[in-house]
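This briefing concerns the packing of helices in the structure shown below. Please read it alongside the coordinates and the sequence.

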Amino acid sequence: MLSLLIIALFASSVASFSPIATNGINVHHPAASTTSRRRQQSTSALSMALTLYGSPGSRSPLVNWAAYELNVPLEAGDLSKNPHPFGQIPCLTDDGNVVVFESGAILNYLQSKANNDKVLHGDARAAAVTSWIAWANASLDPICFLENNGRVYDTGLRSPNKRIDKLNNLLSTSSYLVPDGGFSLADVAVASYLLYVVQFFPDIELYSKWPHVVRYMKECAGRENYEKAFGSNVQKFLLSRLEEMETVGGDNKKGKKVFGMF
Ligand SMILES: N[C@@H](CCC(=O)N[C@@H](CS)C(=O)NCC(=O)O)C(=O)O
């Protein structure tokens, strides 16, 4: 019942991606926040160069998350002037004349900005990060969000999935996606989608199938820059829900009650 309500609210939102309306979480959006903006502006000479067209409850906070991790400042764009060819968000401009759309392409652009536009040929870590970003957009997004005519109606994470099984295996031996490399934009890209699923479908249970993925999601959601980008209410909600999954999932392994069943 809760899921149906969530899906109905979700489907009726202006953007097809709106967790705010679905669970009452009040998302604080840094791109729309003057104080956050001022804080970011003061940190780098790149100020004013990068403008993000986005809104809370869409994919755009994942771009804010990446920008915070890289310490690259973003300006908030006027949505009525959004230059995205399909009118979607997020969209990024650089000094007004460079337009980047698709969240993954924006993450890659920010990463290259943070690297002072140096192309790192033969850099295995850079290659891995860009591959994971592309994977998140091209392969993980359609697993996480089942869409009908651009409207998300459910998540594919309710069903078994061999790609997420593999992801779970990878994360059983590595804290983050690029082994030995620490946290990277690969994790921003992949964890954002996984965490959106829990925002949109709070009744989802992931721990029994993918415990290492749940551990990873908690780790990523717990980051200070995740909170800055998505807001503390979203962060608190996710951490408590993931914790609950672990607890009940753990109990379930001992033969106790399964979440969502009576
Ligand atoms: N693959 C695109 C998806 C963009 C997208 O679907 N954006 C949604 C908001 S999260 C949107 O603008 N929906 C309104 C529309 O499609 O007109 C990306 O990752 O940037």
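The model is predicted. Two packed helices are described by the angle between their axes and the distance between the axes.

**Helices H6 and H8**
- Helix H6 spans residues 124-144 and helix H8 residues 185-200; their axes come within 7 Å and cross at roughly 15 degrees.
- Since angles under 35 degrees count as roughly parallel, H6 is roughly parallel to H8.
- The crossing of H6 with H8 is left-handed.
- On the H6 side, the contact involves Val129, Trp132, Ile133, Trp135, Ala136, Asn137, Leu140, Asp141 and Cys144, which meet Leu185, Ala186, Ala189, Val190, Tyr193, Leu194 and Val197 in H8.
- Sorted by class, this contact comprises 14 nonpolar residues, one polar and one charged.

**Helices H7 and H9**
- Helix H7 (residues 162-173) packs against H9 at an angle of about 65 degrees, and their axes lie 7 Å apart.
- H7 and H9 are therefore roughly perpendicular to each other.
- H7 and H9 also form a left-handed crossing.
- Ile164, Leu167, Asn168, Leu171 and Ser172 of H7 are in contact with Pro211, His212, Val213, Arg215 and Tyr216 of H9.
- By class, the contact of H7 with H9 has six nonpolar, three polar and one charged residues.

**Burial in helix H9**
- Within H9 (residues 211-221), the buried residues include Val213, Val214, Tyr216, Met217, Cys220 and Ala221.
- These residues lie on the same side of H9, because they cover an arc of only 160 degrees around the axis.
- An α-helix has 3.6 residues a turn, so residues three or four places apart point the same way.

Definitions and conventions
Residues are numbered from 1 along each chain as its sequence is written. This is a predicted model: local features need pLDDT of at least 70, side-chain atom pairs count only at pLDDT 80 or more; totals for chains, interfaces and linings use all residues. Side-chain values use heavy atoms; hydrogens and water are left out. Buried means under 20% relative accessible area, exposed over 50%, partly exposed in between (1.4 Å probe, protein chains only). Helices (H or I, at least four residues) and strands (E, at least two) are DSSP runs, numbered from the N terminus. The arc is that of the directions from the helix axis to the C-beta atoms. Axes are lines fitted to C-alpha atoms, for helices over the stretch in contact, and angles run from 0 to 180 degrees between N-to-C directions. Angles under 35 degrees count as roughly parallel, over 145 as roughly antiparallel, 65 to 115 as roughly perpendicular and the rest as oblique. A crossing is left-handed if the near helix is turned anticlockwise from the far one by less than a right angle, and right-handed if clockwise. Contact means heavy atoms within 4.5 Å. Ala, Val, Leu, Ile, Met, Phe, Trp, Tyr, Cys and Pro count as nonpolar, Asp, Glu, Lys and Arg as charged, and the others, Gly among them, as polar.
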